Amino acid sequence: FTKGDRIRFVVRSDVADEVHLHGYDVTKTVPAGGEATFDVPATIDGVFEAELHHSLVPIAEITVQPG
């Protein structure tokens, strides 16, 4: 992503948990067999991890480049 864009992604999970996007400190609940949709303004450049919060499983690495 580029700073100034929107960070958009969907997480589908077979277990209930919370998805946490570090750095932006955004958390979404994902039900078992469901999905959580993220749509966040890219205001901070850097590399940020998304993880299943309760099980501490990293699921994505989000990179935001300077604009």
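Which side chain meets that of Glu35 in a salt bridge? The partner is Arg12, with 3.2 Å from N to O; a salt bridge here is a side-chain nitrogen of Lys or Arg within 4 Å of a carboxyl oxygen of Asp or Glu. Because Glu35 lies in strand E4 and Arg12 in strand E1, the pair ties together parts that are 23 residues apart in sequence. Strands (E, at least two residues) and helices (H or I, at least four) are DSSP runs numbered from the N terminus. Glu35 is partly exposed at 43% relative accessible area, whereas Arg12 is exposed at 65%; buried means under 20%, exposed over 50% and partly exposed in between, with a 1.4 Å probe and protein chains only.

The structure is a predicted model, in which local features need pLDDT of at least 70 and side-chain atom pairs count only at pLDDT 80 or more, while totals for chains, interfaces and linings use all residues. Residues are numbered from 1 along each chain as its sequence is written, and side-chain values use heavy atoms, with hydrogens and water left out. The mean pLDDT of the protein chain (the predictor's confidence in each residue, from 0 to 100) is 96, and 100% of the residues reach 70 or more. Where pLDDT is low, predicted coordinates should not be read in detail.

A search of the whole structure finds four salt bridges. One of them joins Arg6 and Asp39, whose closest N and O atoms are 2.6 Å apart. Through shared partners, salt bridges join Arg6, Arg8 and Asp39 into one network.

Asp45 and Lys3 form another salt bridge, with 3.5 Å between the closest N and O atoms. Here the link runs from the loop between strand E4 (35-41) and strand E5 (46-52), where Asp45 lies, to Lys3 in the segment before strand E1 (6-12), and the two residues are 42 apart. Asp45 is partly exposed, with a relative accessible area of 36%, and Lys3 is partly exposed too, at 37%.

Turning to the rings, the search finds two aromatic pairs. Rings of Phe, Tyr and Trp (its six-membered ring) pair if their centres lie within 6.5 Å; planes under 30 degrees apart count as stacked, over 60 as edge-to-face and the rest as tilted. Phe9 and Phe38 are stacked because their planes lie at 5°, with the ring centres 4.6 Å apart. Phe9 belongs to strand E1 and Phe38 to strand E4, so this pair ties together parts 29 residues apart in sequence. Both Phe9 and Phe38 are buried.

The other pair, Tyr24 and Phe48, is edge-to-face, with 5.1 Å from centre to centre and 75° between the planes. Since Tyr24 lies in the loop between strand E2 (17-21) and strand E3 (26-30) and Phe48 in strand E5, the contact ties together parts 24 residues apart. Tyr24 is buried at 13% relative accessible area, as is Phe48 at 10%.

Phe38 has a further contact: the charged end of Lys28 sits over the Phe38 ring, 5.9 Å from the ring centre. A charge counts as sitting over a ring if NZ of Lys or CZ of Arg is within 6 Å of the ring centre and within 35 degrees of the ring normal.
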